[in-house]
Amino acid sequence: MSNLLCLQLWKEVQLHLDDVISKELAAAGAKPEHNKSLALEVVLGLYLRHLLVFRRLMLCYDQTVHPQKRLVMRKSLDAVMGRMAELKQELTNIELSEFHFFDDLQVDYKLLPHDTDLPIPPFFRLERKDTLAGINEIISDALKKLGAIKSEEKVVTQLSREEAVRLVQRQERARQGRHRARFMQEIHRQEMREKTKGKYVATMSDEQAALRIQTVWRGFAAKRHVKEMREEEMVFIGMAPPPRPSPPPQQRLAEVESARREVQARHEQQYQEALVTVKEELRRLQAVQMREDMQDQIRAWMVKEWEDHGEFPDLPKEEEGGSAAIFDPDFVPPPKPAKEEKKGKGKKDKKDKNKKKEGKKKKKKGDEDEGFIMQPSKFVPAIIEACNEYNEHWKHKDEKNNFEQNFDSEIVRKDKLHELETEVRKDVDEVMRDELERLKEALERDRGKKGRKKKKKKGKKKRKKGGKKGKKKKGKDLTPDRSLESLVEELVENNVMKLIPEKRMADFMGYPALTGSLQRLKHEEARPQLGDVRRVLTEYCVMPMGCPAVHETAPLVKSVLIAGPPGSGKKHLVHAICAESGAVLFDLTAASIAGRYPGKAGLTMLMHLVNKVGRLLQPAVIWIDRAERTFVKKVPKTDKTEPKRLKKELPKFLKALTPLDRLVLVGTSESPWDADQKALGQAYHRVVLLPALDYASRLQLLTRTVAVPGVPRHPSLDLSTLTKLTDGFTAGHCLDMVQQVVTEKRIVKLRKRPLKTAEFIPVLSTLQPVMREQQQMYYTWLTKTPLGKKRARMLEAEAEEATKKKAAVRR
């Protein structure tokens, strides 16, 4: 992507953003909507518009090399991601479901299914690349000490004296040969210049010159054609290997994107250096003159006030803006912090609670619903601010002379001049306040009054040891004198921290549901597909974990439970969440920590280490496999892993999480119905169920896994039939089947003996599929979750209302 294309794409994105903002403002000022389907259509439309803007803006931000433009794009990108998180919460509140479908809007907007797929910005992992490399190095060193990873020993081969002499002789002869070839070539060129000097240039006509050019070109073309024919013949008879294929377009595109990221890093480094050097230069050249001008300006104001009112005024305090509030007409003072009313606070809280209870009672009695009202957004003002900054600085800026798209020094100079002015003004205000105080004392002495005594600041009263009542005590640091490296090594030795394999969310193959909204319009329960699961986990885990601005302001998601049959891809999703967001992984599975940190004190130390290291290295994912075992009612006597150790610690851990802590608890479960549902629902706030693979997803999976690079698929391999035969099997089953059939020995024989569908059937017959009854158990359990219960009640109410309307129409 070129610089010109990036600028053009940014202009288009800003036009779309202006349109989206107008829709947002219209929806915010609309009246309450009592029709649920209309409210859902409005919110889905806004979400889809933001999604389309996000896809283009992400590409533009990733490939733009101008550092100052990228700052504006990043503001818009963070705000759009945050707004999508808010709209996701609105959709969940309306439909009481984690999954939402866009198939009807895709038809209206003329979009393809992959256009509504939620991509993951590359800068999530690129910004954490160096940090994760250091962490992985510490983990690898700890594993090498434990013997889990074999250290690679470098083998240094020593040459004998005779071999070394022969090697030097070969290199010297080659050097002399190259030198002699260049010398002879230069002599040949000199002879040709002497022969042709003055002979053909003056006497050759235009026709003769054209004929000579044609002769040389035709000879060259004929030689090239003969050479190509000979190479084809040699390949055909097996005397030469086939030519290497040209790199695919995706590889060439990835190379271009990587090269532009290198330019990005270089320009960003130059920009950061300029921020320091420009400010130092301005401080050296203008700080003294700026200070004198400000002092003269304040003194002139003091004299004028003295002449007008007969006394010296007080200079505004720093909280009120200082002297800037006097001379700058556009200055806006910082907002004052709201004072907490101590008296009557408890009564006010009680009144608020009573009002909430009254509201709940009224709703229970059957009063009319107030209708859907869009909640005020915290990110729309940020989008508007970024759009205004674009319109002010970049929309009409002429950059013909900035071909390399380096930073704009004028903007840097202007910003740093404003920062320097603010710093100098703060120092000048302190000096002028002292001078003003001395002038007032001198004036009072001249009037015959005693000099005002400065009020002595009363010493602060010593606080009691107990401190204020109701103030939360900070948790005691159990490892105050230990370094981060030592803590990481200890967690690695105890099997809590592990290396994260490079998995991608896009590798979790599957298509989204294409008829979900139509089924819900018919009051049927729509089943999501793997593409919908991928989007939901990106919304709940990857986006907030990868972007601090979204995590701090958007609706907070503290924990997610991923449920599904064995082999459905739960572990892959956990690793993909870590890899895509640049997070570290803590494994608190009962089997992993069995026998480690024993006793109550050991468990306290374990949670302390996870909390401390997780916050220092955030973002972080705390993973618990077989999460239902933590909340089982009765542990079997044969189970020695103590799965209920974390039952009381998990609620404390989740309660302590704040929007500033980018930590998330992810649980995976194969049989969630075995746990106490109330405790499980309190620990995991979001539940994502992995559905059974549909035909399209299985076909996509088999097409990619069976394919061998460089070997075309033979017609004897009927993937459509094989896809139908794998109905009821999970993705893990399909991968195991392909790995057992398409081995290295079998790949060698592919050219002579192509793959056939019958080769997969014996392996497939040994695998146990997921029966429909077992899959139905997952859907039944889903209706018993907190959100599932609310949705079931909503569907019952809608069904009752529909029957009443039908009965009224019949009458």
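**Close-up views of a predicted model**

The count of aromatic pairs comes to seven. The model shown in these views is predicted.

View 1. Phe-123 has a relative accessible area of 6% and is buried. For Phe-124, also buried, the relative accessible area is 1%.

**View 2. Arginine side chains sit over tyrosine rings in two places, Arg-70 over Tyr-61 and Arg-527 over Tyr-779.** The charged end of Arg-70 is 4.2 Å from the centre of the Tyr-61 ring. Arg-527 lies over the face of Tyr-779, and its distance from the ring centre is 3.8 Å.

**View 3. An open sheet is built from five strands with parallel pairing.** The strand order is β2-β3-β4-β1-β5. Strands β2 (584–587) and β5 (686–689) are the edges, each pairing on one side only. On average, neighbouring strands of the sheet are turned by 25° against each other, direction ignored. Within the sheet, β1 (residues 559–563) and β4 (residues 663–669) pair in the parallel sense over five bridges. Ser-559 has Leu-665 in β4 as its bridge partner.

**View 4. Helices α21 and α28 pack on the sheet.** Helix α21 (residues 649–656) touches β1, β3 (620–625) and β4, and its direction makes about 145° with that of β4. Helix α28 (residues 772–782) touches β1 and β5; the angle between its direction and that of β5 is about 160°.

**View 5. Helix α9 spans residues 206–236.** This helix has 31 residues and reaches 45 Å from its first C-alpha to its last, close to the 45 Å expected at 1.5 Å a residue. Just after α9 comes Gly-238, with a positive phi of about 85°.

**View 6. The peptide bond between Gln-618 and Pro-619 is cis.** Its omega is about 10°. Pro-619 is in the loop between α20 (599–616) and β3. Strand β3 (620–625) is one of the strands touched by helix α21.

**View 7. Lys-110 and Asn-495 have positive phi values although neither is a glycine.** Phi of Lys-110 is near 60°. Lys-110 lies in the loop between α4 (103–109) and α5, and its relative accessibility of 76% counts as exposed. Phi of Asn-495 is near 65°. The loop that holds Asn-495 runs between α15 (484–493) and α16 (516–521). With 28% relative accessibility, Asn-495 counts as partly exposed.

Note on methods: Residues numbered from 1 in each chain as written. Predicted model: local features only at pLDDT ≥ 70, side-chain atom pairs only at ≥ 80, totals over all residues. Heavy atoms only, no water. Phe/Tyr/Trp six-rings, centres within 6.5 Å; stacked < 30°, edge-to-face > 60°. Buried < 20%, exposed > 50% of the residue type's maximum accessible area, 1.4 Å probe, protein only. Lys NZ or Arg CZ within 6 Å of the ring centre and 35° of its normal. Pairing = 2+ DSSP bridges. Helix = DSSP H or I, 4+ residues; strand = E, 2+ residues; numbered from the N terminus. Axes fitted to C-alpha atoms, helices over the stretch in contact; angles between N-to-C directions. Contact = heavy atoms within 4.5 Å. Expected span 1.5 Å × (residues − 1).
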